Amino acid sequence: LQDGGLTVQLVNTGPLRQGVLSADHVSIDHSDRWMSWTVDVLNAQESAVYIGVSKASRWNHKGLTLGWSITGHFMFGNSPRYTPIMTSPRETFDPVSKVRVEVDLDAQTVRWVPLGFDEGSRPPPPVQRSLKNPNNSGRRRDAWESARLWVSLLHPGDRVRVS
């Protein structure tokens, strides 16, 4: 962590997926049950940086976790450390350098919005998913009572900052 916890960089010697959670969160106990985070991707190898949300309160606790890579691939699983289920968009998209993640606990939705991309590139489109049925499988899950930002890095030097 750098910049008072606003910047995260993976520093291990080889590829190893690491999930990081934000300290701030949105909760049904808060007066405003909607929150957004903007994440700048400062360095990413192979487009392997994922940005999304988690129900988990800590990186090593259980809690449904989901997000998208900077090229639009979707990943989710049962904890910030275990997100094995991935789906790819049918089209190929160029990586983005900035993403906004919005969570609405009243509507039980998460929205992923690409913001930073080169002119003339093909960035992935904004995506919205149900928190109760994130993989559109028909299997309903319990409502989310809280959510926090989740970022998953894979390669040494991958670095992001919450702005």
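**Briefing on the structure**

W68 is buried, and W112 is buried as well. The model is a predicted one.

**Aromatic residues**

- The structure contains three aromatic pairs.
- One of these pairs is formed by W68 and W112, whose ring centres are 6.0 Å apart. The planes of the two rings make an angle of 35 degrees, and the pair is classed as tilted.
- This pair connects distant parts of the chain, since W68 belongs to strand β5 and W112 to strand β9, 44 residues apart.
- W68 and W112 also belong to one aromatic cluster together with F74 and F76.
- F74 has a charged group over its ring: the charged end of R129 sits there, 3.8 Å from the ring centre.

**Nonpolar cores**

- The largest nonpolar core has 29 residues. Within this core, the residues that touch the most other members are I51, V53, L66, V101 and V103.
- Two or more residues of this core come from each of β3 (34-43), β4 (50-54), β5 (65-69), β6 (74-77), β8 (98-104), β9 (109-116) and β11 (146-153).
- β11 provides the largest share of the core, namely four residues.
- A second core of five residues is separate, and L21, Y50, A56 and M75 are among its members.
- Which residues does V101 contact, once its neighbours within four places in sequence are left aside? The contacts of V101 are M35, S36, W37, I51, G52, V53, V110, R111, W112 and L149.

**The six-stranded sheet**

- Strands of a sheet pair through backbone hydrogen bonds, and the pairing may be parallel or antiparallel.
- In this model, six strands form an open sheet with antiparallel pairing, in the order β1-β12-β3-β8-β9-β10.
- From one strand to the next, the twist averages 20 degrees.
- β8 and β9 run antiparallel and are joined by seven bridges.
- E102 has R111, in β9, as its bridge partner.

**Positive phi in a loop**

- Most residues other than glycine have a negative phi.
- E46 is not a glycine, yet its phi is positive, at about 55 degrees. This residue is found in the loop between β3 and β4.
- Is E46 buried or exposed? E46 is exposed, because its relative accessible area is 65%, and the threshold for that class is over 50%.
- S47 is likewise a residue other than glycine with a positive phi, near 55 degrees. S47 is also found in the loop between β3 and β4.

**L42 in strand β3**

- L42 lies in strand β3.
- The relative accessibility of L42 is 32%, so this residue counts as partly exposed.
- Leaving out residues up to four places away in sequence, L42 touches T7, R159, V160 and R161.
- L42 and K98 are 56 residues apart along the chain, and their C-alpha atoms are separated by 8.8 Å.

Methods
Residues are numbered from 1 along each chain as its sequence is written. This is a predicted model: local features need pLDDT of at least 70, side-chain atom pairs count only at pLDDT 80 or more; totals for chains, interfaces and linings use all residues. Side-chain values use heavy atoms; hydrogens and water are left out. A nonpolar core is a set of buried Ala, Val, Leu, Ile, Met, Phe, Trp, Tyr and Cys residues joined through side-chain atoms within 4.5 Å. Buried means under 20% relative accessible area, exposed over 50%, partly exposed in between (1.4 Å probe, protein chains only). Contact means heavy atoms within 4.5 Å. Rings of Phe, Tyr and Trp (its six-membered ring) pair if their centres lie within 6.5 Å; planes under 30 degrees apart count as stacked, over 60 as edge-to-face and the rest as tilted. A charge sits over a ring if NZ of Lys or CZ of Arg is within 6 Å of the ring centre and within 35 degrees of the ring normal. Two strands pair if DSSP finds at least two bridges between them. Axes are lines fitted to C-alpha atoms, for helices over the stretch in contact, and angles run from 0 to 180 degrees between N-to-C directions.
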